[in-house]
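User: I am new to this structure and would like to go through it step by step. Could you take my questions in turn?

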Amino acid sequence: MPAAPLPPDRLRGRRLAAELEFETTAELEDLDGPIGQSRASEALGLAIALRHDGYNAYVMGPPGVGKHALVKQTLERAGNEAETPSDWCYLNDFADPRRPKAVELPPGRASGLRADMERLIEELRVAFPAAFESADYRTRVQLLEKEVEEGRERAIEDVRHAAEAKGVALLRTPMGLGLAPLKDGEVLDPEHFRALAAEEQERFQRDIAELQAKLQEAIRAMPELQRRHRERVKQLNREVALSAAGHLLEEVRRRYADLPEVLAHLDAVQQDVVDNVHEFLAGSDEDGDAATQIRKLLAQVPALHRYGVNVMIDHAGRKGAPVVYEDLPTLANLVGRVEHHAHFGALVTDFTLVRPGALHRANGGYLVLDARKLLGQAFAWDELKRALRAREIRVESLEKLVGFQGTSTLDPRPIPLDLKVVLVGDRLVWHLLSALDPDFPQLFKVEADFEDVVPRSPEAERDFARLVATLARRAGLRAFARGAVERVLHEASRLAEDSTRITTDVGAIRDLLQEADHHAEQGGHAAVSAADVGAAVDAVERRAGRVRERMLEELVRGTLVVETRGSCVGQVNGLSVVPIGRRPFGRPSRITARVRLGRGEVVDIEREVALGGPVHSKGVLILAGYLGGRYCRDRPLTLAATLVFEQSYSGVEGDSASSAELYALLSAIAEVPLRQSLAVTGSVDQLGRIQAVGGVNPKIEGFFDLCRARGLSGEEGVLVPAANVPHLVLRDDVVAAAAEGRFRIIPFETVDEGIELLTGMPPGAADAEGRFPEDSFNGRVAARLEAMAARARAFAVRDAQEPAHG
Amino acid sequence: MAEAPSFAARRILVAIDASAASLDALAAAAALAVRLGSELKGLFVEDEDLLRLAGLPFADIVRTPGGERERIDPASAEVALRAIGARARDAVERAAERHRVEWSFQVSRGRVAAEVLAASESADLVVLGAAGHGRPARGAVGETARAAAARVRTPVLLLARGAHLAGEVVAVDDGTPAGTRAVGAARQLAREGRPPTVVCTEDPAASGLDEVVSRLGPSLAVLPAGDGSRFIGAVEKLVASGIAVLLVR
């Protein structure tokens, strides 16, 4: 008995569960989280719970399934329960200013420290000038200067004395100090000198040589004298500075008594302030001429800045751990940067110009990044991995990483890193990273894989209705009536290509809701109705339907030949899907087969001209296996067959037409015509069983559209694999035609079932010896193959009897 | 009390030898020239003692601050003096142009003190660095300044290195006509709105006077000129503590 057409209720998903009672979605509560993503949710939970190295997560799934929303919600919840992380700031290292110190502070105290240090410096700027302008200080300095001056004078004076005693004058000349013989208080001129007795001349020369040596000694001792003086002034300055700064610093110290690192820094500040007190005494800006002002400007920039506090992150007012999403994960936005500013034409920097990145902000909490965006940024991925491996944030500039350094820069000490990174991306990127980057599996041990579809249970339907309610409310749309929700659910199943499943593509659902709301607004409806949803769906189909309509037009006009009436030998209607944009559509194609005597090969013309993909070729080769196994188990298959998708110019892939091709081939062998009112989809195995295929809904709808355009007689229909029946979620017009008996969708499980439907002949079952009844379809196939084998044998005998002429 | 006579100086003589103290003296002289509308007369004396020294067969100079010994001869001493003279002239010219005052410059050769004394004949005020080149004397005031303080008939202004006239002014009045003139000069040289402090004493050379003046913290002290080592000692102390001293006769 031939297989019967499916009843209309099996051609689309079932209706909304009856127990789900509501009039509009206004009555439904918001849905907390996405539908049916428990696997991904659990994975994220694991990543959050495990504090060990490498338990970062990669959240993957198609776009629109709500990955970001789930990640945000889950992380924020975890963050609220976590401890608030520490504040971090950079402080100047007075011993090595190129390597600023990273200092950890309890949450919320970094800004306070910054303010305290700013205030301290302001106070020192007042306190120091006051101390150094005091009469007491001036007197002490004058005393010291007088001492050194006197010391210097004394040294010269001693020589002068000694010289005077020997009748020699000490002369201070613009060229240096000279010693000249005196007579009667006057310097002797050369003439008078030469007139002196030889002994006296010699005495003078000897005395002067001695005095010169003394003088040299005295002069050479002066730098040391000067150095000692400077030391003493410095010591005095330190004492005065200490007494002026001591109590101010002490006040800050008291406030940070619990933080040894800050106390150590304050000690260093004290030391530096005391050593460089002159910087606080630069005077007011109005003082001095232009040159003094410029000198002051040049000196000031690095000067008092260095006692400041550069806050990298301050968690004041935060309760819990931060969740940071970095939309533009450049290297600098991730790890921070060292900025420069122009100072008299040169680019300069200091520790106050270290800027934080997302890692600083998220440290102690969670950082969410888009995988594709991250991988698209130079060095960002490598630096993120490095930071995670080393568990520290090191601020590295791009030019430093590429070894191109034009200006002076810093090497800030790294900050310890403890955070979870959640990468959000598609599956392809995950697979590529897993395959190509050996670090990736070590650093991102948790994959949170989002479902594309979820099973359609009553619970899922209820959640779906709540999802519609939530999305509508969040987008400020009208409430959706129950019928409208049912219609949206139908679309969700169509998107899942399965009547027993629902898509998780929240983005697509949201789009549909917004467009349906637009139609409701135009129709003046208070709530969105099923008709509004239908209108939105139709509008989408129409917008995306130009190519589909042109193709249908050409089929109807006969430019593309597909017969839908009568019968034909070696020709069957196959179905394929044209994958254009987000709305793929089905296209019927004529598949033809010709046979002749040959060596048992089935030639796939598509493959010969490189228009067929490997899976299609595989399907065709399976046919030869089926023929041989079914009809020629104990004799050679002596046929040559050619198969082709007529008027296909752009390639064929997939094995979903292999059953149709088999029917064309069998029809050609048996010379039995096939009904052209039926189209066939389904792949076949070597044993003759029909297997499920993809895109069954658009395929049926494509053939339906053609038949309807030519006028439905009730003969038309599609043979679909029985395994595909659960996938049927057909358009309302197709279901209506089926209900009226004008179009048939017939499930079939074996090749023989299809034979009977397509030929009207009984297929015929083989007896124990493998022979088919003569009047059956299979009997005719077997007989034709046997006849071909006999012809082949006859050719072989004749060839053997006629010796070859050489 | 009689009205103090005004202090006028048509020509200010400043002896400069390019030493730091003499350049400070030049700056003070130029500032005074502006205040008093005077002409600035620069004087550089080519020290005869140096030339005599250079002519000796064993003439060596000990350089400061390095302490190296270097042989000099008359030719090199001449070259050096000419160079220093040119520098001194430049300095006077620059100072005069900056302050827009009339100026002249004169070079003479001889003993410095004698030449300054001679040049002071045609000046109304002599300004000197307290210790420049020449034969150093004991203390802060050099031989030339001592000689000028004792023998010049015009008022003499002595400045140690770093001294200036921009601050407070103190006058010492010993009741003599010179004392009265000292008070008059102090009034004229004091800044507007800041009248000078007058210290009255019978003996400007009395010990402790310099301390009294120093404690008032002036930048200029105007004294009736005296002589004798006590007086010079008092002046020396004031000069050494950075105060410019104007001796009025």
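**Salt bridges, interface and sheets**

Analyst: Over all chains, a search of the whole structure finds 81 salt bridges, a salt bridge being a side-chain nitrogen of Lys or Arg within 4 Å of a carboxyl oxygen of Asp or Glu. This is a predicted model, in which local features need pLDDT of at least 70 and side-chain atom pairs count only at pLDDT 80 or more, while totals for chains, interfaces and linings use all residues. Residues are numbered from 1 along each chain as its sequence is written, chains are lettered from A and ligands numbered from 1 in the order in which they are written, and side-chain values use heavy atoms, with hydrogens and water left out.

User: How much area do chain B and chain A bury between them?

Analyst: Buried area is the accessible area (1.4 Å probe) that two parts lose on being put together, summed over both. The contact, meaning heavy atoms within 4.5 Å, takes 31 residues from chain B and 33 residues from chain A. Of the area buried between the two chains, 61% is on carbon and sulfur atoms, and the total is about 3000 Å².

User: Which residue of chain A forms a salt bridge with Arg111(B)?

Analyst: Between chain B and chain A the count is two salt bridges. In the one formed by Arg111(B), the closest N and O atoms are 3.1 Å apart, and the partner is Glu186(A).

User: Which element supplies the largest share of the side of chain B that touches chain A?

Analyst: At least two residues of that side come from each of α2 (48-55), β3 (60-62) and α3 (74-99) of chain B. The residues of the side of chain B that touches chain A divide into 14 nonpolar, eight polar and nine charged, where Ala, Val, Leu, Ile, Met, Phe, Trp, Tyr, Cys and Pro count as nonpolar, Asp, Glu, Lys and Arg as charged, and the others, Gly among them, as polar. The largest share, five residues, comes from α2(B).

User: What is the bridge partner of Leu177(A) in β3(B)?

Analyst: Strand β5 (residues 176-183) of chain A pairs with β3(B) in the antiparallel sense over two bridges, and two strands pair if DSSP finds at least two bridges between them. In β3(B), the partner of Leu177(A) is Val62(B).

User: Which strands of chain A stand at the edges of the open sheet of five strands?

Analyst: The order in this sheet is β8-β13-β16-β1-β17 (chain A), and the pairing is parallel. Each edge strand has a single partner strand, so one side of each is left without a neighbour in the sheet, and these strands are β8 (323-326) and β17 (446-449) of chain A.

User: What is the bridge partner of Asp47(B) in β5(B)?

Analyst: An open sheet of nine strands, with mixed pairing, has the order β5-β2-β1-β6-β7-β11-β10-β8-β9 (chain B). Eight bridges join strand β2 (residues 39-47) of chain B to β5(B), and the two run parallel. In β5(B), the partner of Asp47(B) is Gly110(B).

Technical notes:
Helix = DSSP H or I, 4+ residues; strand = E, 2+ residues; numbered from the N terminus.
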